[in-house]
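Could you take a look at this one with me? My notes are below, in the order I'd read them.

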Amino acid sequence: MKKSEYTFSYEVYDSIDDLTEEDAWLLNEAREVTEHAYAPYSHFQVGAVAKMMNGEIVAGSNQENASFPVGLCAERVLLASASSLYPKMPIESIAVSYQSDNVESDHPITPCGICRQTLQEFENRVGHPVRLILGGMQGKVFVIPQASALLPLAFTSEELK
Ligand code: THU
């Protein structure tokens, strides 16, 4: 028997004020895009904004449905838009923020499991890491250099070949 270990590193900033100008701009865009969410059931509005490698900016927000499982997270709305508008174009960074009637938006949220799986396949498909900038309307900000680091031992397309 051999024990394996998995670790990854990410950056923690005290606030948006400590980010580079470019990252702070993207996170502010994500904060604004929370307004576009359709979240009448959870009242948890999420905004995601990507800077693509070609310089284009693409946004997504969560889109819920009365049939709850039909709802889409902001991250997957964004990835579907990005792939449709600019096929095979890598994403440099995605900023994610949120606001809610029910909870304070004072710390970062991280992508759900389905979004981690989708981000991992996006990275593999275009052959480039997706950097994540995660922060609420205030408070600490996480910068994660590679989204797939959030999904160790992932099931990938390689298994189907
Ligand atoms: N949600 C996102 O859009 N992104 C996340 O990273 C976490 C959760 C959405 C899904 C649902 O519409 C609402 O937030 C509450 O879970």
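1. First, the ground rules. This is a predicted model, where local features need pLDDT of at least 70 and side-chain atom pairs count only at pLDDT 80 or more, while totals for chains, interfaces and linings use all residues. Residues are numbered from 1 along each chain as its sequence is written, and side-chain values use heavy atoms, with hydrogens and water left out.

2. (Helices are DSSP runs of H or I, at least four residues; strands are E runs of at least two, and both are numbered from the N terminus.

3. Which residues of helix 2 are buried? They are Ala74, Glu75, Arg76, Val77, Leu78, Leu79 and Ala82. (Buried means under 20% relative accessible area, exposed over 50%, partly exposed in between, with a 1.4 Å probe and protein chains only.) Their cover includes strand 3 (57–61) and helix 3 (113–126).

4. On helix 3, the buried residues are Cys115, Arg116, Leu119, Gln120, Phe122, Glu123 and Val126. They cover an arc of only 160 degrees around the axis, so they lie on the same side of helix 3. (The arc is taken from the directions from the helix axis to the C-beta atoms.) Ile114 and Arg125, on the other side, are exposed.

5. Tyrosine 6 lies in the segment before strand 1 (11–13). Its relative accessibility is 44%, so tyrosine 6 counts as partly exposed.

How values were computed:
Contact means heavy atoms within 4.5 Å.
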